Amino acid sequence: MSHILDSDIKYLPGVGPRRAELLQKELGISTFGDMLRFYPFRYVDRSKFYSVREIDSTSAFIQLRGRIVAMQTLGEHKARRLIATLDDGTARIDLVFFQGIKWMQDKLRIGKEYVVFGKPSVFGQEYNMVHPEVDEATLERLQSLGTLMGIYSSTEKLKGVLNNKAFAKLEATLLSKVYDSIEETLPQYILDRMHLCGLKFALKNIHFPESVQALAKAQDRLKFEELFYLELSLLKQKVVRTNGSTGVVLKHIGNAFNRTYANLPFPLTGAQKRVLHEIRSDVLSGKQMNRLLQGDVGSGKTLVAILSAMMAVDNGYQACIMAPTEVLANQHYNGIFKYLEGTGVNVALLTGSTKTAERRRIHAGLEDGSIHIIFGTHALIEDTVQFRNLGLAVIDEQHRFGVEQRSRLWSKSEVAPHILVMTATPIPRTLAMTLYGDLDVSVLDELPPGRKPIQTVHWTETQRGKLYEFMKQQIKVGRQIFIVYPLIKESEKMDYKNLEEGYMAITEAFPAPEYVTAVVHGRQKAEDKAFDMELFAKGRANILVATSVIEVGVDVPNASVMVIESAERFGLSQLHQLRGRVGRGAEKSYCILMTGYKLSAESRKRIDLMCQTNDGFELAEADLRMRGPGDFEGTRQSGLAIDLHIADLAKDSPVLTTARSLGEEILAADPLLKDPRNELLQRHLRDVRFEMKDYSMIS
Ligand code: ADP
Ligand code: MG
């Protein structure tokens, strides 16, 4: 029987097909249940009034009370707007409406008093308010204020159709419709022990708080529930893995490993050695390895992957090394040959652009075991790929692959292969332990010797002349330069336009044949991309203009300057990743963050931090502290790999710890959740899905 919470959102009175589509697209809300679990991201106290004079750049949603003193319509077509000027005795502010102009004109009266609610924005030298809620300041209206009101995050597209008031109204309709059907998701003994309120109370008060205390109760309960189920599902996976599956034992160290090792042009760092020992003891244990390897950019993760793969080969098993993009897969593949001499190891590359005949040959080679190590992209987890005996799967850049995709690899071979997940996005250690509850964690916390620190500076548009001068001087002494443009899904078109214009400007300022400029982005054909990439990698191009496609690992030691355009649009971890593309050679390297002159306080903080430190873990900690709860306004590029509704991993880590230890305790006593007291847990666990977020948007 289907539950009312599974009903399509279009059937909620007041929604309908058109709004349903928008809700789906913009906020991911497709059912009653999704809507119910879409919580306000903040609350405002509607008993408080601000004065117009108090408004400054930090003002969020505020409430004003004043008289309309003028109204006029300006502009034509799309730009046509109604401007109503509000005077509250301290100053004046314009209220601007692009939609519903006629309706507003009829509603508003000059000289009448109104209560206005909205978010001020800067317009030229002044503040205005676009599409505020406006109500007559009647006595009744004023008396009904004085409660906390939830503010729901929205998007530009959605705002025009559903403002906050309308959204809240939908939530109210929904609550009254489904209230009686809401079923508790936590067993009574947990509620009692943790002093949590029931789910009905929580859902009602998260949307429409009766009081500050009731809201706090609701938040406590919902945060706990969310983090508890997150931990429980991770811990449960670990139980299943360590109990259920045995792992391939990779006992021998033989020719493949030893020859590769001997072929290395440099000694391993202490950290690389330590991690290889950790991996070695995993693959000897008889249990399946599931290890996360964290290492800052440039810490030498690839080598750890290759040497681990050799352990598999020495024991008659195959290994695969999977990268998130073709460019990277190519690079890994091309990079291995210099180590292969004398090993007899056979390697191949399989990506989306591998030709059919070659693909067939590779499929056959994987099935009969003649290919020992395969490099590739997602193409590797396609159903048609079968291995003879896969012993180890390495997944580079974890966040691009979800838990589910990882587990699909297991079915590629009779025995589950060992899994090594590598990421360059440093996650504070304590958090990684908790977040990747089903993985063991290793850290490469040492860079290879001889790296010179990268000097990071922040320049604004007015310094572009100086930038070009600096670039020319660097090119003259033989260096190569990256120029990176942001690429964000929502504004892809604009981003490509920026990139194209940027490329034109560069080729004008750096004309051929004196200078060679290559360009790489997601809209190119794979061959073009490979061609330009090669041009730069081989040192024949001085400049590479790219989208953030180069973020995750391109290795060109001679490139010593990284210019990041519109740097304010990148998250901290992404900026750090990009910066890690330089500083790999012997030369002094530079990272230049270009931004407009005006920056939000948050962007400025990010940019300043980048200029202050080169330490990825330090930045990750700072990033975590700076992040607020989920907010759709502006694309969130830095963030953790799991989408949470209400809990915040930075701020709620004590709750996380409590939730985790309770989960451990329960599973220790009842690993399969068979106890009737835990029946609810087992049932609900099946319904919760934690989406892995694609958190660096890479073309
Ligand atoms: P990442 O961890 O970012 O994937 P890579 O594996 O791409 O780093 O390594 C970065 C660079 O450092 C490569 O050029 C690699 O050859 C080099 N490298 C790796 N290990 C060492 C080492 N122990 N000593 C010197 N250079 C090393
Ligand atoms: Mg790498």
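Tutor: Buried means under 20% relative accessible area, exposed over 50%, and partly exposed in between (1.4 Å probe, protein chains only). This is a predicted model, in which local features need pLDDT of at least 70, side-chain atom pairs count only at pLDDT 80 or more, and totals for chains, interfaces and linings use all residues. Residues are numbered from 1 along each chain as its sequence is written, and side-chain values use heavy atoms, with hydrogens and water left out.

Student: Is Cys-611 buried, partly exposed or exposed?

Tutor: The relative accessible area of Cys-611 is 31%.

Student: Which cysteine sulfur is nearest to that of Cys-611, and how far away?

Tutor: A disulfide is a pair of cysteine sulfur atoms within 2.5 Å, and the whole structure has zero. Cys-611 is in no disulfide, and its nearest cysteine sulfur is that of Cys-591, 7.9 Å away.

Student: Is Cys-320 buried or exposed?

Tutor: Its relative accessible area is 1%. The limit for buried is under 20%, so Cys-320 is buried.

Student: Is H11 roughly parallel or roughly antiparallel to H12?

Tutor: Helix H11 (residues 270-284) and helix H12 (residues 301-314) pack at an angle of about 30°, with axes 10 Å apart. Angles under 35 degrees count as roughly parallel and those over 145 as roughly antiparallel. So H11 and H12 are roughly parallel.

Student: Which residues of H20 meet H21?

Tutor: Contact means heavy atoms within 4.5 Å. On the H21 side are Arg-606, Leu-609 and Met-610; on the H20 side are Leu-572, Leu-575, His-576 and Arg-579.

Terms used
Chains are lettered from A and ligands numbered from 1 in the order in which they are written. Axes are lines fitted to C-alpha atoms, for helices over the stretch in contact, and angles run from 0 to 180 degrees between N-to-C directions. Helices (H or I, at least four residues) and strands (E, at least two) are DSSP runs, numbered from the N terminus. Angles under 35 degrees count as roughly parallel, over 145 as roughly antiparallel, 65 to 115 as roughly perpendicular and the rest as oblique.
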